[in-house]
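Grab a pencil and work through these exercises on a protein chain. Each task comes with a solution, taken step by step.

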Amino acid sequence: MITLLHGPDELLRSEHLSTLRAALGPAELAELSTTWLEGRKTSAAEISHHCDVMPFLSARRLVIVEGLLAHLSRRGKAGRPADDREAPAEDPSEATAPPLDRERQALLDYLPAVPDTTDLVLLEGAEIPRNDPVHKRLLTLAGQSRAAVVLCQAPDVRDLPDWIVRRTSAKQATIQRPAAEELATYIGSNLRLLDNELDKLAAYRAGQGPITAADVRLLVSYVQEANIFDMVDAIGRRDGSAALRLLRDLEASGAAPLYLLSMIVRQFRILVQVSDLMARGQSKDAIAKAIGLHPYPTQKAMQQSHHWRPADLRAIYDLLLHTDLAIKTGKLPDALALELLVVDLTHRS
């Protein structure tokens, strides 16, 4: 069987691959029957060599080729390198074909000949277009039950809460719908991160009732950071009562004053960076990558940045420093220092 395992979601790719490896038998034997090849360094001849080897101490072999189709596609678009010299082909028609086109054709010719005792996996970290020649060939072979094409892509944002509910059930736990929606909203479609957070929440609950929205707010750092965003958003709107209420909610949840101050400082630092990058015409995805932030809080920060002029954001750093010193030197009680900070920020013109 040949499998094209492609798409951006790492969790789905790794779990499907784990299923294929488990089918080989005990882990120690599976390791002996598994070959990994790096796509940019391998060839169709090398792939066929490993696939044609008979299984050893197991019924099947597993050959995994990572990144081959993306490599062929990138190099094909770039054209033939100037130093790519090959011996003249015996067939004159082959002499005019670019080397990578011949390499792709050799792979296409071999795919129908993969032995029944070998599972060949073409592993790709991005979605391979349907018009890719290898993808098209595998769809044809899939119609003959000789191949499978598996797209590993996170569910649409509207379907993400349902995925979270099903995933929680698979962990022998339950989650309330509002809790699933909070996770989907604040973490987004990073399924690996969602899965890790669900493990933590299920362990916290330990079978004693369903995971609640309160559990999510307590244990998931992304949601805690979102609450800080909401407070900074209220400050930006000059809504002092809402900002103070959110501050007190965070304090009531057990957040230490210096932690809250550090998070407020972090949010304003993010606003400075986002404001600067937006002024340069950068997109949301480019900004998120540049500052190492999840797309959801990046979007929130872009919205918040409209409340502040760059000069205001820089001036606020002095106020944050004075609050930090007041807390650390004991000049003011922690809670009072933070409340005065919020009041001062919301009353700035």
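Buried means under 20% relative accessible area, exposed over 50%, and partly exposed in between (1.4 Å probe, protein chains only). The model is a predicted one, where local features need pLDDT of at least 70, side-chain atom pairs count only at pLDDT 80 or more, and totals for chains, interfaces and linings use all residues. Residues are numbered from 1 along each chain as its sequence is written, and side-chain values use heavy atoms, with hydrogens and water left out.

**Exercise 1.** Decide whether M54 is buried or exposed, and find where it sits.

*Solution.* Start with the place: M54 is in the loop between α3 (44-52) and β3 (61-66). Helices (H or I, at least four residues) and strands (E, at least two) are DSSP runs, numbered from the N terminus. Next, the accessibility: M54 has 59%, so it counts as exposed. Finally, look for T117: it is 63 residues from M54 in sequence, yet their C-alpha atoms are 7.4 Å apart in space.

**Exercise 2.** Describe the surroundings of T118.

*Solution.* First find T118 in strand β4 (residues 118-124). Its relative accessibility is 0%, so T118 is buried. Now list its contacts (heavy atoms within 4.5 Å). Skipping neighbours within four places in sequence, T118 touches M1, C51, V53, R60, R61 and V63.

**Exercise 3.** Work out how helices α8 and α10 pack.

*Solution.* Two packed helices are described by the angle between their axes and the distance between the axes. Axes are lines fitted to C-alpha atoms, for helices over the stretch in contact, and angles run from 0 to 180 degrees between N-to-C directions. For α8 (residues 160-170) and α10 (residues 191-205), the angle is about 45° and the axes are 11 Å apart. That angle makes α8 oblique to α10: under 35 degrees counts as roughly parallel, over 145 as roughly antiparallel, 65 to 115 as roughly perpendicular and the rest as oblique. Then name the residues: α8 brings L160, W163, I164, R167 and T168, while α10 brings L191, L194, D195 and L198.

**Exercise 4.** Which residues of helix α9 are buried, and what comes just after the helix?

*Solution.* In α9 (residues 177-187), the buried ones are A179, A180, E182, L183, A184, Y186 and I187. Just after α9, G188 has a positive phi of about 80°.
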